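Have the structure open beside you.

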Amino acid sequence: MKWEVVIGLEVHTQLTTQSKIFSPASTAFGAAPNTHTAEVDIALPGALPVMNKAVVEKAIQFGLSIGAKVNRRSVFARKNYFYPDLPKGYQISQFELPVVEGGAITINVDGVEKVINLTRAHLEEDAGKSVHEDFHGQSGIDLNRAGTPLLEIVSEPEMRSAAEAVAYAKALYSLVTWIGICDGNMQEGSFRCDVNVSVRPEGQKEFGTRREIKNLNSFKFIEQAVKAEVQWQIETIEDGGKIQQATVLFDPDTGETRMMRTKEDAHDYRYFPDPDLPPLVISEEWISRVQNELPELPAAMRARFETQYGIPAYDAATLTASKDMAAFYEATVAAGADAKLASNWIMGDISATLNREEKDIAQSPVSAQALAGLIKRVSDNTINNKTAKDVLKKMWESGDAADTIIEREGLKQETDTGALEAIVDEVIANNAKSVEEYKAGKEKALNALVGQCMKASKGKGNPGVLTELLKQKLA
Amino acid sequence: MVEKSIKQLAAALTAGEFSAVELASEYLQRAKAHNGVLNAFITIDEDKTLLEARAADALRAAGNAGPLTGIPLAHKDIFCQEGWRTTCGSKMLESFIAPYSAHVVEQCRKAGLVTLGRTNMDEFAMGSSNENSFYGAVKNPWDKLAVPGGSSGGSAAAVAARLAPIATATDTGGSIRQPAAFCGVTGIKPTYGVVSRFGMIAYASSLDQGGPIGKSAEDCALLLNVMAGFDERDATSLQRDKEDYTRDLNQPLKGLKIGLPKEYFAEGLNAEVASAIDAAIAEYKKLGAQVVEISLPNTRVAIPSYYVIAPAEASSNLSRFDGVRYGHRAAEYSGLADMYEKTRAQGFGWEVKRRILTGTYVLSHGYYDAYYLQAQKVRRLLAEDFQRGLAQCDVIAAPVAPTAAWNIGEKNDDPVAMYLEDIYTLGVNLAGLPGLSHPVGFAKNGRPIGMQLIGNYFAEAKLLNAAHQFQQVTDWHTRAPEL
């Protein structure tokens, strides 16, 4: 039987605010346990939550950037359950009336575009952390993270493969870091994905029973976990088994998903509107101010790059993967580099070197202006492409400008026909076999001869001029 | 000295007749002498009190005294007070020393008021008789066989017995007004949102409101001036200009329209209470007031609505008492669930457990719509009733409770009978309105009777004005029990 995979994502994005969602305590990561806590974060008797406006602003930014409805009135509710890392015994979240409803994100898998619709995004507070090391059979609680603002972004179950799920997660990641509402630090838990997976026979309308893979904090894990889960579900059904609704965890070491709890052990959270917080009311003025301050979004910038710089769609998409890369590209072109060459260099050598050194483009030792200086020397035939690659390496290490290196090392390309003619004569004399082959009609032999000429010129010969000279002399 | 109003005490302090330390010492002597019988205080800490009194004297000596600097007061044990044991009447918080102060406590400290101690109360403010305190029942100073009312029974008894000139209190379903009535003193529950709930241990967040209990309306107005005010740390605190609640005290009552809701004077109201109120109304008429009959048709559903909403909020508010971070934790347990169960089973009393269970039930999947949502709809109907009623009058006069104080132990076997005693006070909390209770006489057995005045939102000054004018021509509020 052919199976169709159905995937929906719930992503917890930690919002980048200085203070917590309902308290003035700091959200900074890595402080000594329980030092970033106000009364409400440790749930002292009588402590009360107060809404942090900066958090709301980030939710509005997100809603506007995905074309969603930003609800003018939304409601905070209490989700009640007992756990040591949940100091109040309830989490303040949004239930019936979330701050953002609807919206969509476009993903691209192997050149095919697909629109994924979003259900909602709601604000809530993070829980603390249980600490099991260092306590000899006891557990410690660190409430620094308790009350950190989260925007939980829920998609419709519209993804049909692990690749689409990853593409969606990446597109969402790129958007939330682009508009600056999330720092994107996945190791520290700033972007955590719960993935709902089910399978159904192709053509069947009803969804299969889903299992939810909790807390995936890398794109690689999303891909591995979904593939493992899909395989497990198909095998289970094909072996005559039934899928039971459940929450599962992915173990990266075994590459398997394992059951955490079934629906039967699911909590009754007893949601009700939090009487400590009045409904969240967002004015038209607030929304239009946020709209005006919103940066150019990736999709709009991609389209602009294609028309303004005349680069292919693939280039435009790659260059707008992050705001920093797009800015680097625009600065390179603005400094006088050819638009297509700039794209090639940034997607090629620059990205490769940054990846190898695990650096962001913002930390590139070669600035956009310096790169433009190099590209200009390629465009005006001062150096050829191969030499340029070496020059870039030297720029990377020394921080010197391209012109300085070319001058110092005498790398300027030789275009003087007189000087090159002597080299060509010598190569023809010493490579009788290739000459013969070329004359017999083997075009490839010419390439070998050009290569020999380049070698003899120590890489400084202009390959175009050398080819022309060879052709003339062998005609 | 202890019969003086706080206005008179403030004048005497200003005139140098006695110091804040002398005044506090006088009250401490009385409290120590009588608390063994009355049990109005859970905590008395002489050293802390005298430290505050000395600071008040220093403030006065430096010429920085405010109108109430050096006046002693008792805080209900529901307001967190930094450095003081704050129990909320519960075993759960028996050894809890608050690490921060409630807004109300801060305001009192800034005004130079001197803390005499922490008053007894029903556990987590749940109760109408003060018998639900882990620290033992409070005795009514007028009759030690009688309950003082609840949940602010300790504050009301302390003021009635002259163990404190004035006290803070809270009112979720009548917890200021009913004990004030039972103890023959005056108390006002302000409009919801006028007094910050920051640091006030929550029972039912949408209903809880702090307010003063004092010997007179004027004293209450003076303390309310200190307690009230916007606080950005409470999202339900109302952002309004600071009011002087004494501003209208001396306005004549000529032309004041008093509404009498017929449903409040129907079956169930004790005859002695009814006649004391009739006499008080007659007194108001002499002062120039007019009387109209009004109707609050949904009165009878206030009780079921309240006893769904309040326990629902309480069940969630009290989840934080889990033994993890502070407060009581069971001595022995096996595993996390067992620790929670034993801690909460040991730490909470029966009435608190009853309300947590009720609240958990009404919020459960499948019952939420039938109970909680329905109760919220009823709540809106009650608020609309009051708006219609108050469109026909300036203030509503009503009984506070169907009877005067009952005997200690009398209603302990029947929680529902106890809940029914709240019929006249719950509506005010559900609607968020201000309500005042002042003494209007005594039953034949010598137990005090109070009357309630209800106003529209932010009508505190008007309620205080009416009660003050009444207290200018009557002396019920000046009567003190023999201890």
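Two residues count as in contact if their C-beta atoms, placed from the backbone, lie within 7 Å. Helices here are DSSP runs (H or I, at least four residues), numbered from the N terminus. This is a predicted model: local features need pLDDT of at least 70, side-chain atom pairs count only at pLDDT 80 or more, and totals for chains, interfaces and linings use all residues. Residues are numbered from 1 along each chain as its sequence is written, and chains are lettered from A and ligands numbered from 1 in the order in which they are written.

Start with H10(A), residues 385-398. Its buried residues (20 or more other C-beta atoms within 10 Å of their own C-beta) are Thr387(A), Ala388(A), Val391(A), Leu392(A) and Met395(A). Looking down the axis, they fall within an arc of 145° (taken from the directions from the axis to the C-beta atoms), so they line one face of H10(A). Helices H8 (339-356), H9 (368-379) and H11 (402-409) of chain A are among what covers them. Just past the helix, Gly399(A) has a positive phi of about 80°.

Now try H15(A), residues 463-474. Here Leu466(A), Leu469(A) and Leu470(A) are buried. They cover an arc of only 100° around the axis, so they sit on the same side of H15(A).

Terms used. Helices (H or I, at least four residues) and strands (E, at least two) are DSSP runs, numbered from the N terminus. The expected span of a helix is 1.5 Å times one less than its number of residues. A residue is buried if 20 or more other C-beta atoms lie within 10 Å of its own, exposed if 12 or fewer, and partly exposed in between; C-beta atoms are placed from the backbone.
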